[in-house]
Amino acid sequence: MTKIKLIATAAMGLEAIVAKEVRDLGYENVTVENGKVIFEAEPSAIARTNLWLRTADRVKILVGEFRVESFEELFEQTKALPWADFISEDAEFPVIGRSVKSKLYSVPDCQAIVKKAVVESLKQSHAVTWFEEKGALQRIEVAIHKDIASLTIDTSGTGLHKRGYRYLHNEAPLKETLAAAMIQLTHWEPNKPFYDPFCGSGTLPIEAAMIGQNIAPGINRSFAFEEWHWFDKVWYDRALEEAEDLAKYDQPLHILGGDIDHKMIELANNNAIEAGFPDLISFKQMQVKDFTTSEEQGVIVGNPPYGERMNEKRHVEQLYRDMGNTLRPLSTWSVYIITSHPYFEKLYGAEATKKRKLYNGNIKTNYFQYWGKRSAR
């Protein structure tokens, strides 16, 4: 099989970060659009990108893209695509869909027509009349935006934020993909201290440890493509071997997670052990106002409560004041805080060096960045 087109999907605001990760893996012809990064690569890239992309949601094969304004056009153009190149005779191939600002707005109808078209295409290619669909999962998506239909097959299975280490979490967990993006935006280096004052179930410290030791985020999980008949197992074995070779397990790290809730500290510790960092990350029950350090050039990354519930608002605003009083004097440390609170800077007591809009789930937030001074060498 020659080169194929792949799509790495991304949460709003993270597309440029995902694109950089794709380029860093050596792939070219990278195009960035809302919610996705499109690139060309050999089929073996399916394994490498699923293993290595820290901030993407999924990796999909782009089977075809075309303008469509009628159900007949959708059927005929879908049927003409090379489905048999990707979908085996026994595969399970459900169809999901979405449609935005398009003439074909009925998603259930679009799904049914695409399913029928794929079946007709596979009947001709495989010379069979019935598909039991008891084999490997190859989920198809029809996405129509402004009358342009994109037909894809999901290679990931479970979303890429599921690293395999967080079996338990707190009520409002930070997605691993967003946590990784927040860390990458700090330009933190593994020889510097890292502190998360609101560690919850430990996502930020664990993602920092994985970045610090260059451990592929997908190393301890499985993917849909592993079961596909045409995907050469050698490609995946090579990708795993590369990931092992590039990991820096002996890289020392100074990572601390703090939380006011002792149950969260216990949970974070358990997740860190599950991730393979039983002794590398320190977790401590403490309030942010109790944090002290004699070290310099550290990085603080936090996802504090946002105060969106009325009964939390006063407590959260006092927390932000305490945070400012404690962290502002650490002049060589850089501080990065994500929150939806509109008056964070005023409460913290300083205007951010830079702000970046990010989405934490469906919540529109700002990522407030306070850059520390460089210490004298």
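Modeller: A charge sits over a ring if NZ of Lys or CZ of Arg is within 6 Å of the ring centre and within 35 degrees of the ring normal. Lys115 lies over the face of Phe93, at 3.8 Å from the ring centre.

Biologist: What kind of model is this, and how are residues numbered?

Modeller: This is a predicted model, in which local features need pLDDT of at least 70 and side-chain atom pairs count only at pLDDT 80 or more, while totals for chains, interfaces and linings use all residues. Numbering starts from 1 along each chain as its sequence is written, and side-chain values use heavy atoms, leaving out hydrogens and water.

Biologist: What makes Lys115 and Glu133 a salt bridge?

Modeller: The term needs a side-chain nitrogen of Lys or Arg within 4 Å of a carboxyl oxygen of Asp or Glu. For Lys115 and Glu133 the N to O value is 2.8 Å, so the pair qualifies. Lys115 belongs to helix H4 (residues 107-126) and Glu133 to the loop between H4 and S6, so the bridge ties together parts 18 residues apart in sequence. Helices (H or I, at least four residues) and strands (E, at least two) are DSSP runs, numbered from the N terminus.

Biologist: Why is Lys115 called partly exposed?

Modeller: Buried means under 20% relative accessible area and exposed over 50%, with partly exposed in between (1.4 Å probe, protein chains only). Lys115 has 22%, so it is partly exposed. Glu133, at 23%, is partly exposed as well.

Biologist: How do you know that Glu141 and Arg98 form a salt bridge?

Modeller: Their closest N and O atoms are 3.0 Å apart, and the search of the whole structure finds 16 salt bridges. Glu141 is in strand S6 (residues 140-145) and Arg98 in strand S5 (residues 95-100), so this pair ties together parts 43 residues apart in sequence.

Biologist: What is the burial of Glu207 and of Arg163?

Modeller: Glu207 is buried at 0%, and Arg163 is buried at 3%. The two form a salt bridge, with their closest N and O atoms 3.0 Å apart. Glu207 lies in helix H6 and Arg163 in the loop between strand S7 (148-154) and helix H5 (176-184), so the pair ties together parts 44 residues apart in sequence. Elsewhere, salt bridges that share partners join Arg58, Arg139 and Asp154 into one network.

Biologist: How many aromatic pairs are there in the whole structure?

Modeller: The search finds 18. Rings of Phe, Tyr and Trp (its six-membered ring) pair if their centres lie within 6.5 Å; planes under 30 degrees apart are stacked, over 60 edge-to-face, the rest tilted. Phe225 and Tyr236 have ring centres 5.3 Å apart and planes at 90 degrees, so they are edge-to-face. Phe225 lies in the loop between helix H6 (203-212) and helix H7 (233-246), Tyr236 in helix H7, so the pair ties together parts eleven residues apart in sequence. Phe225 and Tyr236 are buried.

Biologist: Why is the pair of Phe291 and Trp333 called edge-to-face?

Modeller: Its planes are at 75 degrees and its ring centres 5.8 Å apart, so the pair is edge-to-face. Phe291 is in the loop between S10 and S11, and Trp333 in the loop between helix H9 (310-327) and strand S12 (334-339), so parts 42 residues apart in sequence are tied together. Both residues are buried.

Biologist: Which residues do ring pairs link into a cluster?

Modeller: The cluster holds Phe86, Phe223, Phe225, Trp228, Trp230, Phe231, Trp235 and Tyr236.

Biologist: Why is Lys36 called buried?

Modeller: Its relative accessible area is 18%, so Lys36 counts as buried. Lys36 lies in strand S3 (residues 36-41). Leaving aside residues up to four places away in sequence, its contacts (heavy atoms within 4.5 Å) include Ile7, Glu15, Glu65 and Ser150.

Biologist: Where is Gln287, and what makes it partly exposed?

Modeller: Gln287 sits in the loop between strand S10 (281-285) and strand S11 (299-302). Its relative accessibility is 33%, so it counts as partly exposed.
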